[in-house]
Each structure stands twice: as structure tokens, then as C-alpha cells.
Amino acid sequence: MIDPRPYQTEAIDALDLHLAHKPTNPCVIIPTGGGKSITMAWAIQKWKIEYPPFRCMVLAHRKELVSQNAQELHDLMGKWNVGVYAASLKQRDTESDIIFAAIDSVWDRWGEFPAFDVLIVDEAQHIPAKGEGKYRRFIAGCKMLNPNLRVVGFTATPFRLGCGPICHKTHILNEICYEAYVCDLIRDGYLCKLRSKVGD
């Protein structure tokens, strides 16, 4: 069993503080290689321990991310009451308290699930800033089941090409609650130093 790194603990604490005291939907920024999946798993574990009826779905846009994120929580909590819904993985769990799902498989199936307390969107830069889109359709449907639903984003990229910042008062995600910076993680030895390749 590994312990959270200091910045991972800070991210979870900042996320908890935001959800407890603000009505807006927060986003956590952790650079690639910084342990985003395990940070999500620790946050879910904490919420589940503090409130056993807690229900959550973690959405991702690729089956590899769905599988990776589910495995992190399996390793942390065991397989009890943790499921996957992804057609590409041939799994369609609708009843588990914690479900890892592919957005392409669930976007129009929100009515098949009991109400969630929290939706986590991994690679949250894929939520469109405007219009409908699969994420927005699914989130809107889940809010019909639970008007108090909170949406949490995790990403290494707080910007969307052509749209700018992914957090805005009129977007699904409203503000960044914590950001771990690449330079700090390199300085503290959690990431390798950047090396550029010289062309011929």
C-alpha cells in the first residue's frame, strides 16, 4: 500500500473543502505522470468511508482510461461494489455504488442508473464548452435524478483547443480548486526533468 504524495493529499483536501463550502463544480489539475488516477481513487475511498451510501460514476473517453481508473480503485478497496460500464470492455454494470464508465456507452443511458452523488470526469478537457455533446447530455440526465449532483473534473490540461479555459462560471466545471505544477513536481523529484531532443 502506497501513501499519497504531499500534493495528492493537498488536492484531495482542496477538493473536499470546495465541495463542502461552495456550490460550484471544481476541477483538479495534476500533470501527466503525477498520479491522477490514484488521486481519484483515494478521494473516492475517503468519501465512501465517510458516507457509506455514497454513489459515484467516473467517466472517461477511452476504454484504456476506464480500465486503468477502475484497476486503481480495485487495488485500493478490493472489488466490492465497484463496477464498469463500457461496451468495448464487454461490461455493463448499472448497480454498483462506484461505476467506471465510457462516455460513448452511457451518454444516452442515464435513466438506467440509480442517482449518483458525484460524477467525476477524467480528462475533463473533453467536456465541450458549448452546445450539447455526450457529456452534457449525460450530466443533465443525471441531474434530473439528483438535482444536488456535483461534477468534479480531473485533467492535466485545463484548456480546450479553440475554447480556452475549461473552467468558467457558465461551463459544467466552474473553477480550479487545486493545481499541481510540473516545475514543482520536477523539483521535488516526482517527475523527471524535461529533455529536448536535438534534431539532425
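Which residue in E6 is the bridge partner of methionine 57? I looked it up: the partner is leucine 119.

**Ground rules**

I am working on a predicted model, where local features need pLDDT of at least 70, side-chain atom pairs count only at pLDDT 80 or more, and totals for chains, interfaces and linings use all residues. Residues are numbered from 1 along each chain as its sequence is written, and side-chain values use heavy atoms, with hydrogens and water left out. Helices (H or I, at least four residues) and strands (E, at least two) are DSSP runs, numbered from the N terminus.

**Entry: the sheet**

I traced the strand order. Eight strands form an open, mixed sheet, and the order reads E4-E3-E5-E2-E6-E7-E1-E10. Two strands count as paired if DSSP finds at least two bridges between them. The edges are strand E4 (91-92) and strand E10 (175-179), each with pairing on one side only.

Then I went through the pairs. E3 and E5 run parallel and are joined by four bridges. Tyrosine 85 has alanine 101 of E5 as its bridge partner. E2 and E5 are also parallel, over five bridges. Here valine 58 stands opposite phenylalanine 100 of E5. On to E2 and E6: the sense is parallel and there are four bridges. The methionine 57 and leucine 119 pair from my opening question involves E6.

Strand E6 (residues 118-122) pairs with strand E7 (residues 150-155) in the parallel sense, over five bridges. I noted two partners there. Valine 118 faces arginine 150 of E7, and aspartate 122 has phenylalanine 154 of E7 as its bridge partner.

I used relative accessible area: buried is under 20%, exposed is over 50%, and partly exposed is in between (1.4 Å probe, protein chains only). How many of the residues of E5 are buried? Five of its five are, and E5 is mostly covered. Ile98, Phe100 and Ala102 point one way, while Ile99 and Ala101 point the other way.

Five of its five residues are buried, so E6 is largely enclosed by the rest of the structure. Val118, Ile120 and Asp122 lie on one side of E6, with Leu119 and Val121 on the other. Both faces are covered.

Contact here means heavy atoms within 4.5 Å. Axes are lines fitted to C-alpha atoms, for helices over the stretch in contact, and angles run from 0 to 180 degrees between N-to-C directions. H2 packs on the sheet and touches strand E2 (56-60), strand E5 (98-102), E6 and E7. The direction of H2 makes about 175° with that of E6. Helix H3 (residues 63-77) lies across E2, strand E3 (82-86), E5 and E6. H3 runs at about 165° to E5.

**Entry: H1 against H2**

Two packed helices are described by the angle between their axes and the distance between the axes. I took both for helix H1 (residues 6-21) and helix H2 (residues 36-50): about 50°, with the axes 10 Å apart. H1 and H2 are therefore oblique to each other. The cut-offs are under 35 degrees for roughly parallel, over 145 for roughly antiparallel, 65 to 115 for roughly perpendicular, and oblique for the rest.

Which residues make the contact? From H1 I listed Gln8, Ala11, Ile12, Leu15, Asp16 and Leu19. From H2 I listed Ile38, Thr39, Trp42, Ala43, Lys46 and Trp47. By class, the contact has eight nonpolar, two polar and two charged residues. Ala, Val, Leu, Ile, Met, Phe, Trp, Tyr, Cys and Pro count as nonpolar, Asp, Glu, Lys and Arg as charged, and the others, Gly among them, as polar.

**Entry: single residues**

I checked lysine 36, in helix H2. Is it buried or exposed? Lysine 36 counts as buried, at 12% relative accessibility. Leaving out residues up to four places away in sequence, lysine 36 touches Ile30, Asp122, Glu123, Phe154, Thr155 and Ala156.

Next, backbone angles. Most residues other than glycine have a negative phi. Glutamate 123 has a positive phi, near 55°. Glutamate 123 sits in the loop between E6 and helix H5 (133-145) and counts as buried at 18% relative accessibility. Lysine 90 also has a positive phi, near 55°. Lysine 90 lies in the loop between E3 and E4 and is exposed, with a relative accessible area of 72%.
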